[in-house]
Amino acid sequence: MLRHPPYFFAFRLEDVAVKQGVLGAASVVVLAVGLASALAIGGGAAEFALADPGEIVRYGLPVAKAFVSAGAALAIGGLLFRLWAVPTGPAANRVMGQVQIASLIWTLAMIAYSLFAFMSVYGLPFGADAEFGTNLQYFFADTELGQLLATTTGLAVVVSILSALTRSFLGNAAAFLAAVAAMWPFAEMAHSGGTANHAVAVSALILHIVFISVWVGGLVALVVAVRSGSDFRTLVERYSTLALLSFCIVTVSGAVSAGVRVGSFDNLVASPYGQLVIAKIAFSMALGVLGAVYRTRLIPRITGANRGLVRLFGVEVLIMAATMGIATGLGRTATPVEDSLGGELSASEILTGRSVPEPWTFTQAITEWRLDLIWVLFAVITTFWYFAGVRRLVRRGDSWPVSRTINWVFAMIVLVYATGGGVAVYGEYLFSVHMIGHMLLTMMVPISIVLAAPVTLVMRAVHPRHDGSRGAREWVHAIVHSRWVSIVGHPLVATVIFALSLIVFYYSGLLKWSMTTHLGHEWMVVHFLVGGYLFIQALIGIDPTPHRTAYPVRFILLMGTMVFHAFFGLSLMMGESLLLPEWFGAMGRTWGDDPLKDQQVGGGIAWGVGEVPTLVLSAMVALSWVRSDGREQKRLDRKATLNHDQDLNDYNAMLEKLAARTDRSPRDGSSADS
Ligand code: HEM
């Protein structure tokens, strides 16, 4: 990876033009004004009733947080702009210069923020005595908040190093993923919106801060990149795609974040928190209007580099900086909805933040919902793109089987249900229902996604890029043909991952991690989906794949999986102890089967329900086997027609030769020639 000297030294200050320096300074001023106003309105830096750490800490904390948010935004947005809009070269170097500076600011601000957070929690002013050091060590090593802060700081350091050392797409993509991962602890640390909605609040806020970063950091990267001489209109159009996506996700996730933290319309207008949210909505709408003007009026008229437009981008950056300042103050303002449940708590409230729901019935299965915004937005946005792709094919006269589109829509509906419907709500209380959710995510959704052939659609519908940059088509191609996919996509490896996941997930700490933490839960959903997709793609995939295995082998892999599922299901059905007694056994549920019986039912579901899709898969493999034989036969027939049965003639000639040789060889064993 290290083919060039570290770019840290190659980075030229004059890359940051004076005008950008002015824009940077103005943004800091506007950010500070936004923050100061929000702290004044929301009281986010007010003296603590108990153990006040002092003014430096009370103001230092939000100020450091504002620089953390700004640094992270410029790093994440810059990286995605580099990965999406510019080829490796001068423009990429300029943008990566921004990322380097931003990740450095982010890291330093993270260290300051973590220190202030420690002092604020302990109510300690800054001190250099031994006790301060011991507490500090304990805080970062043994407290959840300290660990979250240390993780984020560590990831910010990783982003700094990667962005200094690499300019390749792969290296920058790794830096981007590390930067996005660093946002998760932030979402976990923020106002939780009351324990009942903690998962909803975290999902909404992670989307919010990641796409704000794409929006804000991408715009600054555009301003930085336009000086590299790349085609101005192309850069603006590519950024505009990211900006539109970000605006939609920021607005929806902002509304959901506000909803769970504000609670009612009265609170919105009456509480300082609500008033700051209203201010943010106003700024967002202004940004939305600007975006619409760009897309409808200004971009279509771009003929070349346009100073006026770049200045307008500068104004937009200032509006965003003000909004981020207000947002940071908002993050320090008390929410109308209490962050934690008060009074005597039931076991279920301690574990899930909610009391045990009504008994599990068919009605509950279809009427109980707690949508996960991450998967709802994934389903809506990818389905919009899927339809846009099909529409483009149909418009240019190409056909696309309607069954594929139906499969995509069906897959997305089941995905939203499995992550936010009755099975998701009750899956926290009943192991059997959790297993139904598992089977939907690892079998039903992937089967439909595979039959929807999304990779083929992208390769056929999205226009290729010709300037060395990477758009959707180039990234899908790079991923499908990557070494990683060729390993995990190999039918044997995919089958082992698919089958062993059951054992590893349920008989290790992963089950507990996924039930007790939101990050663990989201990881579980992604793992089940990807594991199922790779396995099913290897067996019946329409999309291009690095490996095409013979049908008999596919059948053997399928049979092997069925046997594995049966053993796993049986082991649970016969099991005499709970897999997670501190969760399913401690919920205090008064209806339905007792936890062990329910777990045994879960085993039955894993075996029974799990086998149904496997049988469907076997039928599909058999069908595609017959079809491919049919196609092969047609191909051979066509060839025989074209070359007048040359192969058959050759074969017959070979048989004749063999027959002749046998005829010539003497029956009494003396050699023919003698
Ligand atoms: C419809 C518009 C928006 C709404 C309703 C909204 C609402 C929210 C809410 C409720 C939070 C959580 C704060 C907390 O932890 O209590 C938040 C966080 C945040 N918002 Fe927004 N937001 C919107 C648009 C924006 C825009 C346009 C930006 C920036 C350009 C932005 C920047 C941020 C940032 C940086 C945070 C994290 C604050 C922190 O924890 O320090 N938001 N937003």
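## Exercises on helix packing and an iron site

Arg 94, Val 95 and Gln 98 of helix H4 are in contact (heavy atoms within 4.5 Å) with Gly 217, Val 220, Ala 221, Val 224 and Ala 225 of helix H9. The structure is a predicted model, in which local features need pLDDT of at least 70, side-chain atom pairs count only at pLDDT 80 or more, and totals for chains, interfaces and linings use all residues. Residues are numbered from 1 along each chain as its sequence is written, and side-chain values use heavy atoms, with hydrogens and water left out.

**Exercise 1.** Describe how H4 packs against H9.

*Solution.* Two packed helices are described by the angle between their axes and the distance between the axes.

Step 1: H4 (residues 90-122) and H9 pack at about 135 degrees, and their axes are 9 Å apart. Axes are lines fitted to C-alpha atoms, for helices over the stretch in contact, and angles run from 0 to 180 degrees between N-to-C directions.

Step 2: H4 is therefore oblique to H9. Angles under 35 degrees count as roughly parallel, over 145 as roughly antiparallel, 65 to 115 as roughly perpendicular and the rest as oblique.

Step 3: The crossing of H4 past H9 is right-handed; this term applies if the near helix is turned clockwise from the far one by less than a right angle, and left-handed if anticlockwise.

**Exercise 2.** Describe how H16 packs against H20.

*Solution.* Step 1: H16 (residues 373-395) and H20 (residues 454-461) pack at an angle of about 50 degrees, with 9 Å between their axes. Helices are DSSP runs (H or I, at least four residues), numbered from the N terminus.

Step 2: H16 is therefore oblique to H20.

Step 3: H16 passes H20 in a left-handed crossing.

Step 4: Tyr 386, Gly 389, Val 390, Arg 392 and Leu 393 of H16 make the contact with Pro 454, Leu 457, Arg 460 and Ala 461 of H20.

**Exercise 3.** State which protein atoms are donors of the iron atom of the ligand, and the geometry of its site.

*Solution.* Step 1: Donors are N, O and S atoms within 2.8 Å of the metal (3.2 Å for Na, K and Ca). The protein donors are His 208 (NE2) and Lys 280 (NZ), 1.7 to 2.1 Å from the iron atom.

Step 2: His 208 belongs to H9 (residues 198-225) and Lys 280 to helix H12 (residues 272-298), so the pair ties together parts 72 residues apart in sequence.

Step 3: The six donor atoms form angles of 81 to 179 degrees, and the site is octahedral (six donors, with opposite donors over 155 degrees apart and all others between 65 and 115).

Key: Helices (H or I, at least four residues) and strands (E, at least two) are DSSP runs, numbered from the N terminus. Four donors count as tetrahedral if all angles lie between 85 and 135 degrees; four count as square planar and six as octahedral if opposite donors are over 155 degrees apart and all others between 65 and 115; anything else is irregular.
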